[in-house]
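Here are my notes on this one, point by point. Have the model open while you read.

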Amino acid sequence: KKYVLDLKVSSVERINERNVLIKLTDDKPFPEMLPGQFVEVRVDGSPSTFLRRPISINFLDCERNELWLLVAAIGEGTRALARLHAGDILNCVLPLGNGFTPVRRPGERVLLVGGGVGVAPLLYYGKQIREAGGDPVFLLGARTAADLAEVELFKAYGRVCITTEDGSAGEKGFVTNHSVLVSEHFDHISTCGPKPMMMAVAHYARKASIPCEASLENMMACGVGACLCCVEKTTEGNLCVCKEGPVFDTRRLLW
Ligand code: FES
């Protein structure tokens, strides 16, 4: 079931040059949402009126009844979102899409690989894994240290490994070069971020015979099956990421 809600902005925080963290609240408790699902946000203040943007669920804070959205302000709609203020109302449709697979057994070792704003859904997913008795390790990649987001928050749920392309934080290189992939064993990998990164992670997982799923949320535009921007080739033919995903077992993708 999905809901259309007028949510109140409780805060807007600039995380780094690109990203803002928008926290939303409501009078009623939020409905159940799965890590990996997304929200369709209406952007009224933008020049093209009545525009909705799909934004993944960064975190659901049940105690404070707050829904967090980490937004990269890169387009017209998302820049309008970054200009919101506490007290503003944001109309949202939620929750949409499928989610990441929950852990199947206590002690399961899950590697969560995120790049750029794609780290967003991994925070809520990491919390769920931890609460289910799993053991999440976060592997976060960015161009530079300044592009990293929410690193301290991730540490609440598991170990955090970092790569940056310029070596300004963590190990220098790409996520697939990180030493944790050599030194430790993982039962499952989930990834979200730029497509080349996810493809590299999927290839690594395939070689290592580790089940892997990827969220292709970054391909979505309208988020509701109307624009066909998000078509991905799969073993079952062309599928709309926003309708069938955004999370896919990477063995289904023709990568
Ligand atoms: Fe428009 Fe999927 S994002 S059809």
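1. A word on terms before the sheets: strands here are DSSP runs of E with at least two residues, helices are runs of H or I with at least four residues, and both are numbered from the N terminus. Two strands count as paired if DSSP finds at least two bridges between them. Bear in mind that this is a predicted model, where local features need pLDDT of at least 70, side-chain atom pairs count only at pLDDT 80 or more, and totals for chains, interfaces and linings use all residues. Residues are numbered from 1 along each chain as its sequence is written.

2. Start with the antiparallel sheet: seven strands, open, in the order E4-E3-E7-E1-E2-E6-E5. Its edges are E4 (51-56) and E5, each pairing on one side only. From one strand to the next the twist averages 35° (axes are lines fitted to C-alpha atoms, for helices over the stretch in contact, with angles from 0 to 180 degrees between N-to-C directions). Inside the sheet, E1 (residues 3-14) and E7 (residues 89-96) run antiparallel and are joined by six bridges; aspartate 6 has asparagine 91 of E7 as its bridge partner.

3. The other open sheet of seven strands is mixed, with the order E11-E10-E9-E8-E12-E13-E16. Here the edge strands are E11 (171-172) and E16 (247-249). E13 (residues 212-215) pairs with E16 in the antiparallel sense over three bridges, and glutamate 213 has aspartate 249 in E16 as its bridge partner.

4. Now the helices. H5 (residues 195-207) lies across E8, E9, E12 and E13, at about 170° to E13. H2 (residues 120-131) lies across E4, E5 and E6, at about 50° to E5. Contact means C-beta atoms, placed from the backbone, within 7 Å.

5. The domain assignment, which is automatic or from a database, gives domain 1 (3-96) and domain 2 (109-215). Their centres, taken over C-alpha atoms, are 24 Å apart. The contact takes 13 residues from domain 1 and 12 residues from domain 2, with E5 (59-61) and E6 (66-72) each supplying at least two residues of the domain 1 side.

Definitions and conventions. Two residues are in contact if their C-beta atoms, placed from the backbone, lie within 7 Å.
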